[in-house]
Amino acid sequence: MMELAYAFKDKFKFALTTEVESIKDLPGYKPDENVAFWVLHCKEGKDDKKPCSATKYRDSIDLLSLARFLHVIDVEPMLVLPGSDHTFYEQKDMHVAAIIADKDNVDEIKLEIQAFLSKYRGYVGFLIVDKTKFDVANLGFKQDIETSMVGLKLRGETTWQLMPEFEMPEAFLDSKLQATVLPHREQVTSDMTDTENDPVQEDEDPLQEEDDEVAKTVRVIHGRSLDHTHVQRLTEETFTAQTQSTESLVVMFYLVFDVRSKASLLSFLEASRLLAADSLFPLATVECHDERDLCASQNITSYPTIRVFRKGKKYFNYNGVRGAKEIYSFVKLLLADAPVKLNTFEEAKLFLDGKIPKGFDNVTDVSVLGLFKENSDAERKAFRSAAKKLRGQFLLGEATGDAAEAIAKTIPNKLQLPKVVVHKRNDEFRPIQVCPPFTESGMVAQCARDGALVMFPELTASSFPKMYEESIPFLILFTHGRDNNIYRTVGALSADVNVPNVNYCWMDLDAKDGLAMKILINYYDNQIPSTPSLNLVDYQKQRTPALFTPALSTLFKQCVWSVTEELPMGEWKPLLEGYDFLKLMDEGKKAEDMDTSVTNEYGVGFDSDGNYLEKKTDEMSPDLEAAEKEIHDELLRLSRFYPKRGGGSHVDKTDRVHPEHTEL
């Protein structure tokens, strides 16, 4: 590091720290890393009040690699062709990503890349190629290459790797760069020892599990027998043949002694049992301690990895929740037609209701329906391309002509075709989401992802990750079930497009697991607050309740605490015989008006000697009168321990004498 600082002293300022507090908010921070390196782009900041943007170094910590990174970290990360030198990034010894565009979507592609540009800064240079003005053959592409295609040329190579049509740009770049750009931070090597016959250590040291909740849980259930009946156990000899002979095969690569592998394997095998009940057997496993060469050839760098193969080729990695139900639903959606063809109004209606295809009502609550005119060829092509990209995530259906027109009339505002509709059967506040006009598959895919989010979901282990990815605060309602006004009010607000952008969600305080109450108490330093309780929490910055923003404060004062019911006119009386505080307030005011010249040390309702002023206007029963006198005596006693509103003290001189302070 000292050599690096000396070499680049005129270009960068260098700082070294061992304090976690100074780096924990930087992108990519991991508490278990021993060494990490960031470049802060403070000169590029336009707002002095905001922290500098930062790029994390993701390659090996050696002088040559670090020097190469710093040489190119400040080059322009994105260039447009024509108008720039297309060999610029190759001259800088960088990986090059080219995105094919036309004159109509250059700006759109720029915005799409901007979302993940900083992740690859210093490693990858991005070329946006307007094929209507630049000859793509100069880059080595065919003239008929499709718009929005992404190609990657790795450092030192001469050929382009093209993105499959079903994959998203960021996922494609991650998969290709993992073995070259990001191997040293994420990799868990499969050859953990040099001895081929080292025994597999099945049981971990309990001391190593002290702060690892996953390890503790796995140890508890580790004694359960594992049923591999419905999965194929692949080896290097059988892997190629099995993946090539199967239309879709979902393979889990794992290590037998890794606790997270064990936890995921339990869910994976349970999912195989559920799929077998539907006569489906598309799951397989590879144990990477025994099959090291196979896992290395598949570039498996973290465990467990769940990967989808279609006809022998890698399709994509599954990065969803690894519960049995979630894996089961994912595989069912993966194997479904994409899209499902719907020929009549009745079929389209059943599709929206989750009854077509048969057996999917317990798989997903979301149906994405494309409605097209007979001549909507461009939009239909984009929709079908999106359906392939969304395999395993959503169920998509397509209706054309009369069937589409008939369904469109049943949807609010009577849609003009072509349109894509997202129907959420589990969203009581906004069940229908209509996508804006589209011409690209990416627009359809993004609308499906955004539209499928439930407006006011219950906060669970399954729903939390997707909401957390939004990087916005959570507005959490802790309530006793859903049958109450505050639940309906906040739910209605969540569906309003004009409200502040937060994750609206709720937790049930009556749930048997007691998790909601545990979390709520934790937010309030182990104190039990009044319920229902509405809390704004920013998990990105802190794990304690944040203050309401001005926008939210105004909104909830207007909407949540507005007048919900008007009481009838008339004299207010208690429902039962009891202590009439309103009447006492009136009596106190009368007593104050009677003797304003006397400075009353004991407060309203008492004379200067501390005696209760007996001024009653109504007769009351002896028992109630005695009870009222008792309460007033108690109020008199308590009044001596609180300061007088106008200054001074209510405490008697004798009460102000305290024993001398002593050290314990």
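Predicted model: local features only at pLDDT ≥ 70, side-chain atom pairs only at ≥ 80, totals over all residues.
User: How many helices and strands does the secondary structure come to, and what percentage of the residues is buried?

Analyst: The secondary structure comprises 22 helices and 21 strands. The protein has 664 residues. The buried part of them is 41%.

User: Among contacts between residues at least 6 apart in sequence, what percentage joins residues at least 24 apart?

Analyst: Take the contacts in the protein whose partners are at least 6 apart in sequence. Those joining residues at least 24 apart make up 67%.

User: Is Val308 buried or exposed?

Analyst: Val308 sits in strand E11, residues 305–310. Its relative accessibility is 0%. The cut-off for burial is under 20%, so Val308 counts as buried.

User: Which residues does Val308 touch, leaving out those up to four places away in sequence?

Analyst: Contact here means heavy atoms within 4.5 Å. With residues up to four places away in sequence not counted, Val308 touches Leu249, Val250, Lys313, Lys314, Tyr315, Phe316, Phe330 and Leu334.

User: What distance separates the C-alpha atoms of Val308 and Ser248?

Analyst: Along the chain, Val308 and Ser248 are 60 residues apart.

User: Where on helix H18 do its buried residues fall?

Analyst: Helix H18 spans residues 485–494, and its buried residues are Ile486, Tyr487, Val490, Gly491, Leu493 and Ser494. Viewed down the axis of H18, these fall within an arc of 160 degrees. The buried residues therefore line one face of the helix.

Technical notes:
Residues numbered from 1 in each chain as written. Heavy atoms only, no water. Buried < 20%, exposed > 50% of the residue type's maximum accessible area, 1.4 Å probe, protein only. Helix = DSSP H or I, 4+ residues; strand = E, 2+ residues; numbered from the N terminus. Arc of directions from axis to C-beta.
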